[in-house]
Amino acid sequence: MIPNKYNPEKVEDKWYSYWMENGYFHSTPNEKEAYTIVIPPPNVTGVLHMGHMLNNTIQDVLIRRARLKGFNACWVPGTDHASIATEAKVVAKLKEEGINKEDLTRDEFLKHAWEWTDKHGGIILEQLKKLGASCDWERTAFTMDDDLSGAVSKVFVDLYAKGLIYRGYRMVNWDPEAKTTLSDEEVEFVEKQGNLYYINYKIEGSEETVTVATTRPETLLGDTAVCINPTDERFTHLKGKKVIVPIANRVIPIIEDEYVDLEFGTGCLKITPAHDQNDKAIGEKHNLEVIDILNDDGSLNSLGLHYEGKDRFVVRKEIAEELQNIGALVKTEKHINKVGVSERTKAVIEPKISVQWFLKMEEIVKPALDAVLKDEDIKFYPKHYNSTYKYWLENIRDWNISRQLWWGHQIPAYFYGEGLEDYVVAESKEEALLKAQDVTGNIELTLDQIKQDPDALDTWFSSWLWPISLFDGIKNPDNEEFKYYYPTNDLVTGPDIIFFWVARMIFAGYEFAEAKPFSNVYFTGIVRDKQRRKMSKSLGNSPDPIELMKKYGADGVRTGLLLSAAAGNDLLFDEELCEQGRNFSSKIWNAFRLIDGWEVSDSVAQPESSKIAIEWYTAKFQKALVSIEKSFEEYRISEALMTIYKLIYDDFSSWFLEMIKPGYQQPIDSATYKAAISCLEDNLKVLHPYMPFLTEEIWQHLAERTTEEALIIATYPELVSFDEKIITDFEFASEVISGIRKIRKDKNISFKDAIELSVLDNENSSATFDSVIEKLGNTSKLNKVDVAVEGALSFRIKSNEYFIPISGAINVEEEIAKITEELKYTEGFLKSVQKKLSNERFVNNAPEKVITLERNKEADALAKIETLKASLSAL
């Protein structure tokens with residue numbers, strides 16, 4: 001028995017298990033052309049949110065469609081170890097248990113980290129199964145898997161050997177909360193309300209002072225100069241003099257540099273080389289001392305004097321009070337400035353001079369620039385992201401790849417001495433020993449005497465290899481799978497990681513595989529709420545995707561999301577979208593039940609109306625298929641769905657089924673029934689990528705199917721030539737049917753009662769759909785007349801006028817009043833249009849399209865007035 005209502009919960013579990021059991025998601029190289037997607041690996045500790053829902057639904061649509069189109073579709077899932085995020089969670093968990101990370105050895109901490117990962121990792125992948133994601137789960141990978149880790153080490157060693165990786169002191173972005181450096185791309189700049197502090201520095205040997213303005217008064221303890229612009233006449237008398245730093249009482253020089261902005265602050269700039277990127281550059285230019293006053297956690301060290309051990313923001317407040325008390329603080333002003341914060345922890349970043357590992361970027365970006373902007377081997381959708389990509393690559397700085405973390409890929413560098421350069425780079429400790437013995441000439445050197453760099457690599461240093469390392473393309477580039485699946489086809493991701501991940505994968509592709517990693521990049525929009533706020537846990541505006549799927553079904557949520565997810569544009573999410581998706585499911589289910597409930601007869605002749613309906617819908621489907629194909633070529637996934645939605649909702653369910661439906665308690669002829677099933681199956685095929693569960697359920701109900709005949713691996717409909725004229729003819733016929741139905745409704749003429757219909761055929765319209773008009777309008781055979789029919793109700797379609805004899809049930813007086821009112825309104829409308837057209841200024845200046853539109857309005861109004869007057873006359 002087919003249930004009256006579609007039950008997503010039962011259906012989804014049933015078919016997902018069926019797909020998994022029969023290995024439909026798994027791919028191995030064969031004679032077919034490969035179609036490959038690698039999943040943007042979510043954090044191993046993550047859970048499904050609306051952004052994941054959107055991104056992975058689009059990927060599943062692409063992979064299911066490729067499977068139907070005969071490709072060997074391979075969608076590789078996996079998770080990212082997410083160094084900073086995961087380590088922060090493990091540290092927090094340990095704190096709850098009364099354990100400090102600092103009290104553990106690296107191995108002890110990593111044991112806790114792996115326990116956390118084993119417990120929480122992969123939750124999101126299980127949730128993706130609820131969504132219907134048809135990933136090749138047998139290929140599930142983790143960026144810390146042995147093979148992938150080996151690839152990371154090999155790449156590091158290779159780049160170092162090429163001279164592209166180096167180690168040195170640089171000013172870096174320091175996250176005091178995570179206690180690690182960050183790359184420039186991991187720093188967000190946000191506007192914050194703060195103060196501008198005006199502080200007096202005494203000139204040495206004088207009672208004179210010079211005033212500097214700063215937003216960070218605590219850093220004055222690290223000042224090593226005050227700088228003036230040599231062209232600033234206000235401070236000519238200060239040249240060559242020295243000042244005394246308040247509180248610290250250190251004597252520092254006044255230096256000159258054109259970097260100083262004459263308009264900002266007081267025109268005098270305090271220079272703190274250890275805590276500002278620009279100050280560092282000036283310090284190097286003028287050989288200034290570097291005084292670092294901060295600990296790794298953002299508290300002040302011993303150079304912070306009596307503020308040692310206090311947090312930087314506490315000191316900011318207290319040092320301002322001390323400066324006030326000693327008479328050094330002139331004034332404070334409210335000041336808004338952009339502050340760098342950690343993308344991951346949201347802590348305010350501190351510029352810090354530190355010895356780190358860097359990757360030179362100048363040469364490595366060149367092939368990646370050409371691939372997108374010149375050769376277009378890689379295409380971005382939407383294309384406007386090309387300019388974002390271009391700007392970043394042309395202004396790129398060397399990539400800081402080291403992190404002061406334990407969770408991650410430990411840097412494969414081994415120290416055999418205390419000097420900055422006393423190290424070797426190798427894939428293993430044993431190999432490092434041999435290299436170190438060779439470098440030092442000391443064959444007595446042992447494994448115990450060399451120590452691996454404790455730092456880990458930036459998470460993205462493993463993620464940038466993802467499309468290559470998943471198929472073992474780094475360590476074993478000649479293997480069959482790598483040659484078959486790489487380059488991959490499409491990447492679906494958010495624009496927020498265009499620098500973190502997308503660009504770097506392109507760098508890696510050309511550097512290590514001498515080929516692009518993918519051909520197309522589809523950037524999804526950001527899922528926002530109705531107030532345009534980005535969905536987040538902290539705002540509490542993000543619904544639980546699992547709960548949404550329980551309420552509306554996975555297909556309903558998938559459809560609701562994609563109906564409003566235009567390529568690259570943000571999606572304003574509303575739960576009503578999911579309800580619309582669920583209602584669409586119900587519409588399709590009811591259409592299927594209607595067909596399934598018909599009694600079929602081999603002895604009943606096929607009506608002309610059904611024959612025409614089948615020809616029309618076949619053409620209509622093919623026209624829609626052309627549009628769907630074009631939308632997919634342009635990565636307009638939402639537009640393709642909307643085409644399918646209208647095709648099934650309007651053309652199939654509302655028109656086609658009505659056109660072929662047998663009379664009450666009458667059987668349907670077998671030819672029409674078979675055609676209806678065929679049309680429904682084609683609908684299911686194009687809809688399957690979007691609504692996999694519902695379509696498979698109906699598909700399996702329609703006939704007994706073997707595992708080789710499941711919808712998931714069916715053959716996608718092929719494009720064939722079609723009759724455009726029959727589609728145009730039906731558009732006209734449908735207006736006629738709507739006109740008949742309107743008169744029936746307005747005049748309370750029962751749809752069960754047959755009526756006469758005549759036409760004054762000025763259009764020389766096609767008779768193709770006359771049988772359909774007769775059936776859906778319940779009319780007599782359409783009678784063509786040469787003159788208007790007296791005493792009849794009429795309506796006009798273009799220049800054709802249709803007549804229905806007045807039934808005795810019509811109240812003539814009410815009808816006259818109604819038509820008179822409509823005539824009055826139309827005459828008023830005509831007057832306003834003609835007034836506009838008689839305005840020479842409007843006619844001379846308005847675009848031709850606008851003039852044509854107004855003239856069409858005038859013609860339509862004139863025709864309608866003529867019809868209304870004729871109707872009045874007849875009454």
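Two notes on conventions. The model is predicted, so local features need pLDDT of at least 70 and side-chain atom pairs count only at pLDDT 80 or more, while totals for chains, interfaces and linings use all residues. Residues are numbered from 1 along each chain as its sequence is written, and side-chain values use heavy atoms, with hydrogens and water left out.

I will start with the cavities. A search of the whole structure turns up three of 30 Å³ or more. A cavity here is a set of points, on a 1 Å grid over the protein atoms alone, where a 1.4 Å probe fits but cannot get out, and lining residues have an atom within 4 Å of a point. Grid points are joined across faces, edges and corners, and the volume is the space filled by probe spheres set on the points. For the largest cavity that volume is about 40 Å³. Its lining consists of Ile588, Ala591, Ile648, Phe652, Ser653, Leu680, Asn683 and Leu684. Two or more of these residues come from each of α18 (575–596), α20 (637–660) and α21 (670–687). Helices (H or I, at least four residues) and strands (E, at least two) are DSSP runs, numbered from the N terminus. By class, the lining has six nonpolar residues, two polar and no charged. Nonpolar means Ala, Val, Leu, Ile, Met, Phe, Trp, Tyr, Cys and Pro; charged means Asp, Glu, Lys and Arg; the others, Gly among them, are polar.

Next, serine 83, which sits in helix α3 (residues 83–96). Is serine 83 buried or exposed? Its relative accessible area is 1%, so serine 83 counts as buried. The cut-offs are under 20% for buried, over 50% for exposed, and partly exposed in between, with a 1.4 Å probe and protein chains only. The serine 83 side chain makes a polar contact with the side chain of histidine 81 at 3.3 Å, and it reaches the backbone oxygen of tryptophan 407 at 3.1 Å. A polar contact is a pair of N or O atoms within 3.5 Å; within protein, one must be able to donate a hydrogen and the other to accept it, and residues adjacent in sequence count only if both atoms are side-chain atoms. Leaving out residues up to four places away in sequence, serine 83 touches Leu405, Trp407, Gly408, Leu457 and Thr459. Contact means heavy atoms within 4.5 Å.

Leucine 131 is in helix α5 (residues 123–131) and is buried, at 0% relative accessibility. Apart from neighbours within four places in sequence, its contacts are Met53, Asn56, Thr57, Met549, Ala554, Arg558 and Phe693. Leucine 131 and asparagine 56 are 75 residues apart in sequence, yet 8.5 Å apart in space, C-alpha to C-alpha.

On to salt bridges, of which the structure holds 51. The criterion is a side-chain nitrogen of Lys or Arg within 4 Å of a carboxyl oxygen of Asp or Glu. Arginine 64 and aspartate 60 form one at 2.8 Å, N to O. These two are four residues apart in helix α2 (residues 50–68), so about one helical turn separates them. Arginine 234 pairs with aspartate 232 at 2.7 Å, N to O. There, arginine 234 is partly exposed at 46%, whereas aspartate 232 is buried at 6%.

A further pair is aspartate 292 and lysine 352, at 3.6 Å, N to O. Aspartate 292 lies in the loop between α7 (277–285) and α8 (312–325) and lysine 352 in strand β14 (residues 350–359), so the pair ties together parts 60 residues apart in sequence. Aspartate 292 is partly exposed at 24%; lysine 352 is buried at 11%. Elsewhere, salt bridges with shared partners join Lys630, Glu634, Arg636 and Glu639 into one network.

Last, the backbone. Most residues other than glycine have a negative phi, and most peptide bonds are trans. Where are the cis bonds? One runs from tyrosine 381 to proline 382, with omega near -5°, and proline 382 is in the loop between β15 (379–381) and α10 (385–394). Another joins tyrosine 486 and proline 487, with omega about 0°; proline 487 is in the loop between α14 (480–485) and β22 (490–493).

Positive phi values occur at asparagine 287, near 55°, and at leucine 305, near 60°. Asparagine 287 is exposed at 70%, and leucine 305 is partly exposed at 37%.

Definitions and conventions
On a 1 Å grid over the protein atoms alone, a cavity is a set of points where a 1.4 Å probe fits but cannot get out, and a pocket is an open set with protein on both sides within 12 Å along at least five of seven lines; lining residues have an atom within 4 Å of a point.
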